[in-house]
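Please read this briefing beside the model, with the sequence open for reference.

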Amino acid sequence: MNAPAGAPARAAGGGPVRVALVGLGWAGRSIWLPRLREHPAYTVTAVADPDPAARAAAVAAHAGARALAGVAELTPEVADLAVVAVPNHLHAPVAAELLGRGIPVFVEKPVCLTSAEADLLAAAERAGGAVLLAGSAARYRADVRALHALAGDLGTVRHIEAAWVRASGVPDAGGWFTDLRRAGGGALLDLGWHLLDSIGPLLGEAVFEQVAGTVSDDFVSSGSRQAAWRRDGAPGGPAAANVAGDVEDTARGFLVTGDGVSVSLRASWASHEARDVTLIRVEGSAGTATLRCTFGFSPNRQERSELTRTRDGETRPVAVPDEPVGAEYLGQLDALPALLADPSFRGRAVADARRAIGVIEGLYTSARTSRARRAPGPAVPAEV
């Protein structure tokens, strides 16, 4: 399905979307390349990464794709869309550079690390006339969509509980994921972004007027708590021993909107639990809906998603479609061509990202203030 080198630019509304994948780390290799290769709506025309071996392996699987060491050579003549899957601290700078050159961008979460970076993306989107699209896999899960539909029958929403708790799942321990300078934060930015995205449709544009948060790092430097299923490290490498990490492995928060809706949030890369479980509970004036499942790719997961509704003391199961692990990422790819062609979508991803990072900044600020009153704890971003 890949176009030969030098193929002419895709005509508007015709042919597959020509994609440049920027970043060949775990997400690029394991999530995006295989799905882009299999999806009939896309053709991979370029890959960009500073690692020559990673570029060579990617090009070998995508005959005709150009191998680029960076994004300087990437132009609208090469790709209709750039999928940006670089380390967190490069998300906004790389996306802004591409947007400014008129190249639409789909950027992995977190879209930005600060509100200032959200401003940078908004300016680049306006200057280049291209659209920014954002990673939001959770919204495309069948079980999350079923929860959103059920929430419409719960009356006035009073409280939402959202938690993603892994048993052992510190990603890339000892690498950039656990390095505050490059990651921008720990479990809150990683798992918490997904949780905020999944409950976003339930809250609309509500503004949180009260934000309290705490963070802890009991597991982040323990080699035994790594996400072994990611295969980030070599056998006998960092995964076999304790590693350095200066971000949180757990974040907890409590939020209250201006109209009195409360939200409790927990994101944990590791814990004392046996399974990796994601929980979203919506309490309304006319009932409660609870979803128990497992986001992500960990094999240590709840076997099936469970959605229930409780009213007047009676709890009933609600049918949820079965889908394979990772189906939500294909769902995003299904939706992207239409979003690319919709001029009204410009600015929407930045607005969503600004709300998410605003909450995260508030939680980190609260955690930093709390930490200042007690013994030193895990690092949190110094500037928000």
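**Pockets, a strand and the fold**

The second largest pocket has a volume of about 750 Å³, where a pocket is, on a 1 Å grid over the protein atoms alone, an open set of points where a 1.4 Å probe fits, with protein on both sides within 12 Å along at least five of seven lines, and a volume is the space filled by probe spheres set on points joined across faces, edges and corners. Of the 36 residues that line this second largest pocket, R139, D197, G200, D352 and R355 are the closest to its centre, lining residues being those with an atom within 4 Å of a point. This is a predicted model, in which local features need pLDDT of at least 70 and side-chain atom pairs count only at pLDDT 80 or more, while totals for chains, interfaces and linings use all residues. Residues are numbered from 1 along each chain as its sequence is written, and side-chain values use heavy atoms, with hydrogens and water left out.

**Second largest pocket**
- The elements that each supply at least two residues of the lining of the second largest pocket are β6 (132-134), α5 (142-151), α7, β8 (208-216), α8 and α9 (348-372); helices (H or I, at least four residues) and strands (E, at least two) are DSSP runs, numbered from the N terminus.
- Nine residues, the largest share of the lining of the second largest pocket, come from α9.
- By class, the lining of the second largest pocket has 21 nonpolar, eight polar and seven charged residues, with Ala, Val, Leu, Ile, Met, Phe, Trp, Tyr, Cys and Pro counted as nonpolar, Asp, Glu, Lys and Arg as charged, and the others, Gly among them, as polar.

**Largest pocket**
- The largest pocket has a volume of about 900 Å³, and among the 47 residues that line it, G25, W26, A27, A85 and W176 lie nearest its centre.
- At least two lining residues of the largest pocket are supplied by each of α1 (26-38), α2 (52-61), α3 (88-100), α7 (187-203) and α8 (327-340).
- The lining of the largest pocket divides into 27 nonpolar, seven polar and 13 charged residues.

**Strand β7 and its partners**
- Seven of the nine residues of strand β7 (residues 157-165) are buried, so this strand is largely enclosed by the rest of the structure; buried means under 20% relative accessible area (1.4 Å probe, protein chains only).
- With strand β11 (residues 277-284), β7 pairs in the antiparallel sense over eight bridges, and W164 stands opposite T278 in β11; two strands pair if DSSP finds at least two bridges between them.
- With strand β10 (residues 262-268), β7 pairs in the parallel sense over seven bridges, and I160 stands opposite V263 in β10.

**Cavities**
- The structure holds three cavities of 30 Å³ or more, a cavity being a set of points where the probe fits but cannot get out.
- The largest cavity has a volume of about 50 Å³, and its lining includes L188, T214, R252, L265 and Y364.
- β8, β9 (250-257) and α9 are the elements that give two or more residues to the lining of the largest cavity, and that lining has seven nonpolar, three polar and one charged residue.

**Overall fold**
- The chain has nine helices and 14 strands.
- The radius of gyration of the chain, taken over C-alpha atoms, is 21 Å, close to the 21 Å that the globule rule gives for 384 residues, so the chain is as compact as a globular protein of that length; the rule is 2.2 Å times the number of residues to the power 0.38.
- Buried residues make up 54% of the 384 residues in the chain.

Notes: Buried means under 20% relative accessible area, exposed over 50%, partly exposed in between (1.4 Å probe, protein chains only).
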